[in-house]
Amino acid sequence: MFFSLSMPLVLGAVFFILRVSPTGSFPKPLSPEEEARCIKACREGNLEARNKLIEHNLRLVAHIVKKYYAASDEQDDLISIGTIGLIKGVSTFDPDKNVRLATYASRCIEKAILTYTYKSKQTFFPHRHFCIQAPFITRSEAKRMQLGSNHIAIYSRKSKFTGRGESIGNQVELCRDYIRTHFGAIYADQALIYEDEGFSGGDLHRPAFRRMMQAAGSHSIKAIVVYRLDRISRSISDFSSLIEELTRFNIAFISIREQFDTQTPIGRAMMYIASVFSQLERETIAERIRDNMHELAKTGRWLGGITPIGFVSEHIKTVSIDGKSRCSCQLKLIPEESERVRQIYALFLSTRSLTATEVELKRQEVYTKNGRPFTRYSIRSILQNPVYLTADHAAYSYFFQKQAEVCSDLSAFDGTHGVLAYHRTKQCKGKPTVTLPVSEWIIAVGGHAAVISSDVWLAAQSILEHNRSAHKKCAFSPALSQLSIDKTTFSGYS
C-alpha cells in the first residue's frame, strides 16, 4: 500500500527539503516524548505524524551528504535520494528493536545514497528509474563490488629513510581522513597507498610514484590525493608535465594542505603558482648549501664520506676565538697505499689504456684496500680524483682555465699540499654516481700531503680526454661502421 504512493512521496520529499524555518535552518529535533507519540501515531497510519517525523529529521540528510559527499557534483540528486531513504526509514521503523529513530534513519539514508552511487552507473539502472521501491545495497555489498577506475590513490613521500615511517604514516592517515570526509568511507577504506621513503622531491624517479602513474595510465584510479604539494615534486617542469598527463587521463589531483583541486580552473591555477614557490624554495635551499660548501672549502677540511685509497680520515680539535672547542676531519696519508696510487699512475702513463692497466695490476697482484682487484672504473676514479694532485701553480692554472670555482688564493698553491674538490659528483638514489664537469667543481687546497705531481696528474687527464674523444669518433664513424659490416659479412660466407 505504501510503496504504491512512491511518486507522491518523492514530490513530498522535495517539498520537505524546501520547507525550512525562517532562520534558514532545518526544524529542530523532536523531544523524546513527542517523537515517541509521533512514532506510535505513524504506526497507526497517521500521515501527519509521519510527515512531522520526516520534517524534523531532514537535518540527517543534509549532514550525511555534506560530510561524505561534499566533493560530488550531484549534491541536489543526492539530497533527493537521501530524502527517499529517510521516508523509507521513518515508514519502516520498528521501535521494538531497541534502535533509535535517528540511527535507523541515518542507515537508510546512507544505504539509499550508496545504492544510487553504485547502481546508477549501470546501463540497466539509469537515474530516472530510481524510486523508493529500489532494493538498497549494504556497505558490505558495496565493498565487494568492483570499483574499477573509482579507486583513489594516496601518495606519500619522505626524503630521508629512517625505517620508522611516522611521517609516511601520518600523511596517509590525513589523506584517508580527507577522502572519508569528501568521498565517503568506501573510497577511504579501499584507497590505494603508494609510499616512497628515502627519495628526494627533486625529480620523479621513484618506484612507488612510477607504479602509481602506471595505474593512472591503465585508468585504475580516479584521483590522486597528497598531503602537501611538495610531496609530489619540487620541480615546476616535472609538476607541470604531471598535471598535463593527469588531465589527459581525466584524473583529479588534490593537495589537502593547500586545499587545491585540479577539477576546477582556479585550483589548477593556484597549484601552478604554488609549484613555482616550491621550486623557488628548492633552489634557495640548494644555493644555501652551495654557499655553505663554499665557506667550508676555504678551511680545507675533509667533509666525510668514503676516504680515497691512500688516505685515512682523522679528527682534529681546534679552539675558536670565543674559546669553544671544535672538531673537524682531515685526510692523513697512508704510505703503503699511496705507493699503490703512484704505481697506478705510472702504469697508465706507460700503457695509455685503462684495460691494459687493469690487466697489469691483476698480473702484479695489486689489490684495493678491501683486497679486491682494481677495475677500469675504480682506476678511472683514482686517475680523475684531484685529491692526489700537488697544489702548485700548474694545478691552479688548470682549474682556472676549466672555469672551476677556486676558493684558495694562488699563494696557497705552495706545491706541498693536496687538492680537495667539492661538488665533484652527483649522487642519485638507485642510479650510478655521475662525475660532474670540472666547471662545476669547488676547488680548495687541503691540509693533507700530495701524492702525485701536477705534471703526472695533468698528463693522465690529457690521456683520458684523448681516449674519450677517440672512442666517440669510432662510435660515430660511418667508414668504420661499414668496415665492421663488411668484415662480418665476409666471415659469414667464409
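Colleague: Which residue in strand 12 does His417 stand opposite?
Modeller: His417 faces Ala449 there. Before we go on, keep in mind that this is a predicted model.

Colleague: Noted. How do strand 9 and strand 12 run, parallel or antiparallel?
Modeller: Antiparallel, with 5 bridges joining strand 9 to strand 12, which spans residues 442-449.

Colleague: And what order do the strands take in that sheet?
Modeller: The order is 8-12-9, in an open sheet of 3 strands with mixed pairing. Strand 8 (405-406) and strand 9 (417-422) are the edge strands, each pairing on one side only.

Colleague: Switching to helix 16, which residues are buried there?
Modeller: Ala395, Tyr398 and Phe399 are buried in helix 16, which covers residues 393-401. They sit on the same side of the helix, because they cover an arc of only 90° around its axis.

Colleague: Why would residues a few places apart point the same way?
Modeller: An α-helix has 3.6 residues a turn, so residues three or four places apart end up pointing the same way.

Colleague: Then what is exposed on the other side of helix 16?
Modeller: Phe400 and Gln401 are exposed there.

Colleague: What goes on at the two ends?
Modeller: At the start of helix 16, a side-chain oxygen of Asp392 comes to within 3.3 Å of the backbone nitrogen of Ala394. After the helix comes Gln403, with a positive phi near 65°.

Colleague: Back to Phe399: what does it touch?
Modeller: Leaving out residues up to four places away in sequence, the contacts of Phe399 include Pro386, Val419, Trp441, Ile443 and Trp457. Phe399 also belongs to the largest nonpolar core, which has 42 residues, and is among those touching the most other members, along with Val341, Tyr345, Phe374, Ile382, Leu383 and Tyr388.

Colleague: Which helix gives the most to that core?
Modeller: Helix 13, with 5 residues. Other elements that each supply at least two residues include helix 16, strand 9, strand 12 and helix 17 (454-475).

Colleague: How many residues are in the second core?
Modeller: That separate core has 27 residues, including Leu30, Val65, Leu86 and Ala112.

Definitions and conventions: Residues numbered from 1 in each chain as written. Predicted model: local features only at pLDDT ≥ 70, side-chain atom pairs only at ≥ 80, totals over all residues. Heavy atoms only, no water. Buried < 20%, exposed > 50% of the residue type's maximum accessible area, 1.4 Å probe, protein only. Helix = DSSP H or I, 4+ residues; strand = E, 2+ residues; numbered from the N terminus. Arc of directions from axis to C-beta. Polar contact = N/O pair within 3.5 Å; in protein donor to acceptor, adjacent residues only side chain to side chain. Pairing = 2+ DSSP bridges. Core = buried A, V, L, I, M, F, W, Y, C linked by side-chain atoms within 4.5 Å. Contact = heavy atoms within 4.5 Å.
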